[in-house]
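Hello everyone, and thanks for coming. Please take a moment with what is on the screen, and then I will walk you through it.

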Amino acid sequence: MSDAKETESRKLLGRLRDTMAENAAGQARLDKIVALIATSMQTEVCSIYLFRDAETLELCATQGLQAAAVHQTRMRLGEGLVGRTARSRQVINTANAPAEKGFRYMPETGEERYSSFCGVPVQRLGSVLGVLVVQSKAERLFSSDEVYALEVVAMVLAEMTELGAFVGEGAALSARHQQPVLFRGATGQEGATEGRVYLHEPRVVVTNPVADDPEKELTRLQEAVGELRVSVDEMLNTATTVNTEQVQVLEAYRMFANSRSWLRRMEDDVKSGLSAEAAVEKEQSVARVRMSQSGDAYLRERLHDLDDLSNRLLRILTGQGKETGAEMPENPVLVARNIGPGELLEYGKALKGIVLEEGSVGSHAAIVARAWAIPLVIHAANVTTEALNGDPILVDGDQGIVHLRPDENVKSAFRDKIAMQARAQERYATIRDLPAQALCGTTVSLHMNAGLMADLPSLPSSGAEGVGLFRTELQFLIRNQMPKRAELSALYSRVMEAAGGRRVAFRTLDIGSDKVLPYMKPNDEPNPAMGWRAIRVGLDKPGVLRMQLQALIRAANGRPLSVMFPFIAQLQEFRDAKAEMDKALEREAILGYPVPSKIEVGAMLETPSLGFAPDAFFQEVDFVSIGGNDLKQFFFAADRENERVRRRYDTLNVSFLSYIEMVVGRCAQAGTPLSFCGEDAGRPIEAAALAAIGLRSLSMRPASIGPVKHLLRRIDLSEVKSLIIEARTRGDQSVRAPLTDWLSQHM
Ligand code: PEP
Ligand code: MG
């Protein structure tokens, strides 16, 4: 842009800002703004159209068109040149508007007299709020400088107004972030909840879109970019041993941070009068539009990187940290792109619901949400862009649906649903102290999964007989340094006390895969789920395992103790781990600590190989617990965190059930107790199938015990077994359809 044009643009922005700061009524201010733009751009017409609802645009102010058309003229998204600008989120610039495809003649505006048209989307961070239009009689194309100046003005409009505030009573309340939005995602954890949005990474709030002193503003921008580059370099330096994926992301960050064209575009924005922050947001908006329109997954990811980087830059400029000071609302529903188990644990149980853009059912963050019975919806596309802190939100974990800023009808239907669920919970409470005895007389013992002290209070209220899986790594994940032996022993002792003499199967540390300790050096592994994790780490670097075993023995303090090792793939691993336990017992006895009155040492069966271990394994091990989450991913070679492949394979697949039945047989032959502690144990239909093929012990999240028991008490397991055999004989892939059918007829 030429110097003269830049000065002109800055003048206009300055006047706009003054107008916006005036204490006039909303409509009067909007009228003044269009007049200002028309004068400055030397066009006969300037109009602002805003969204009335998600589909309709309304003329809200005009200089040049008939005044009577204001708040009367409306068009649908995509209709006419204005509607097309809004839909494509791109500028439409034409010298002969009536000749354009889709031109709509609106007699009430007197529009036909104007030939040239330039429509610019008014958008904030990728969401369109409306359209700014200039028109003139002369048949001419607006120059690129003029279009650019309009884009800058549109940016300021979007930023400063939250436009809804500008229109009067009953007129279009168009601010995009005020409308109800429905998201269709997928179920991560069932349950319904009502609350308010709490953004995991809140957006930075920009309060000064127009700058007085462009020179000073340029320096601020350049310094901030310099700081950003240094911080990205630092991240890369410390990340050399981190997994390759993270390095790739950081490399992309570095590329963007050093991109001349990115900086040049922002510098141009600043020269036209925008503040450094507004310039960053303007370019971020452009990138978001491209992101939503790109069919190329790789490009979309890179644009996501640029988006993250822009947020970082905004934080540097505004001095706002990750915490923008937004208070956690009452009944907070966490909204995030994705979240790791450690970060989720930091929020604690205060959360009422969780909504993620990405995420997967098999991830440990989902497991934490399940353990806490917090409704979780995953794959809610764009929710982080739409949601604002404090927005009302309804999470329907059963359907995988989220209502953001719901209207009254939706709210009341939803409240009915919550009340119905509460009644179901009351029903389950009435069978809490009864056994999970099926009609055929078989009893299945139901246990709960836990990992934190906070989980233990659910033990008596859920009706669980004990803790079938205590994931000890969760305690490690919530800290920022390695816990000490004395701390661990005190903690395990409290767990045993809270269990009140009921059995707790402590699973030794399962670190690796998606569970990364912030204070341990991460490994550079191409496939961490199949990498150096769990017992593999414990045996190769036994320091932490030994400390943990000592802490457990001390915590037991002469009481019975159950310990199981995760991810045992072959007999020798079990033997080596068991030898560590024997050594620990010996050492503790020498040191004078009481040894447990009874000790059980078990193995988790999470890899198909262990089912084919020599008989000696089943004879030597005190108990086996099937970790169905990992077992399933390795049985089908389908990543538990990758929704696309995970969903392809049903737990009720006949081959998978046959494999488990074989394990049941091998354990029975050796007289070894067997249980199943993967997430599937907590799903009533899956639980029924597992019981039918011979499992007599299931461990699940506490909230599942009621529904599972309720179903088991109403069915005959031998009939379920017959259905499985028939399905297998027929060559069905899964037993789900016949089983669901049968249940619906017999319940
Ligand atoms: C499993 O794999 O089924 C299991 C219970 O362990 P985790 O989910 O903690 O990997
Ligand atoms: Mg596992």
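Let me start with Phe-635, which is partly exposed, at a relative accessible area of 27%. On this scale, buried means under 20% relative accessible area, exposed means over 50%, and partly exposed is in between, using a 1.4 Å probe and protein chains only.

Before going on, a word on the ground rules. What you see is a predicted model, where local features need pLDDT of at least 70 and side-chain atom pairs count only at pLDDT 80 or more, while totals for chains, interfaces and linings use all residues. Residues are numbered from 1 along each chain as its sequence is written, chains are lettered from A and ligands numbered from 1 in the order in which they are written, and side-chain values use heavy atoms, with hydrogens and water left out.

Back to our ring. There are 12 aromatic pairs in the structure; rings of Phe, Tyr and Trp (its six-membered ring) pair if their centres lie within 6.5 Å, and planes under 30 degrees apart count as stacked, over 60 as edge-to-face and the rest as tilted. How are Phe-635 and Tyr-659 arranged as an aromatic pair? Their pair is tilted, with 5.5 Å centre to centre and 50 degrees between the planes. Phe-635 belongs to helix α22 (residues 628-635) and Tyr-659 to helix α24 (residues 654-670), so to speak two distant parts of the chain linked across 24 residues. Helices here are DSSP runs (H or I, at least four residues), strands likewise (E, at least two), numbered from the N terminus. Is Tyr-659 buried or exposed? Tyr-659 counts as buried, at 6% relative accessibility.

The charged end of Arg-503 sits over the ring of Phe-623, 4.6 Å from its centre, and that of Arg-533 sits over the ring of Phe-567, 4.1 Å from its centre. For this, NZ of Lys or CZ of Arg must be within 6 Å of the ring centre and within 35 degrees of the ring normal.

Now to the charged pairs. How many salt bridges does the structure hold? It holds 37, each being a side-chain nitrogen of Lys or Arg within 4 Å of a carboxyl oxygen of Asp or Glu. Arg-533 turns up again here, in a network of salt bridges with Glu-473, Arg-507, Asp-510, Asp-630 and Arg-640.

Let me pick out two more bridges. Arg-254 and Asp-233 meet in one, at 3.4 Å from N to O. Because Arg-254 lies in helix α6 (residues 244-257) and Asp-233 in helix α5 (residues 214-238), this pair ties together parts that are 21 residues apart in sequence. Then there is Asp-391 with Arg-405, where the closest N and O atoms are 2.4 Å apart. Asp-391 sits in the loop between α12 (383-386) and β13 (392-396), and Arg-405 in the loop between β14 (401-404) and α13 (408-430). Both of these residues are buried.

Finally, the domains and the core. The chain is assigned domain 1 (3-162), domain 2 (181-202 + 324-420), domain 3 (214-318) and domain 4 (431-746), with bounds from an automatic or database domain assignment. Between the C-alpha centres of domain 1 and domain 2 there are 37 Å.

The largest nonpolar core has 114 residues, and Tyr-492, Phe-617, Ile-660, Leu-698 and Leu-712 touch the most other members. Such a core is a set of buried Ala, Val, Leu, Ile, Met, Phe, Trp, Tyr and Cys residues joined through side-chain atoms within 4.5 Å. Why does this core lie between domain 2 and domain 4? Because both domains give residues to it. A second, separate core of 36 residues includes Cys-46, Val-120, Phe-142 and Met-155.

One last stop is Leu-439, in the loop between β15 (436-437) and β16 (443-450). Leu-439 is exposed, with a relative accessible area of 60%. Beyond its neighbours within four places in sequence, its contacts (heavy atoms within 4.5 Å) are Leu-712, Arg-713, Arg-714, Ile-715 and Asp-716. Leu-439 and Ile-715 are 276 residues apart in sequence, yet 5.5 Å apart in space, C-alpha to C-alpha.
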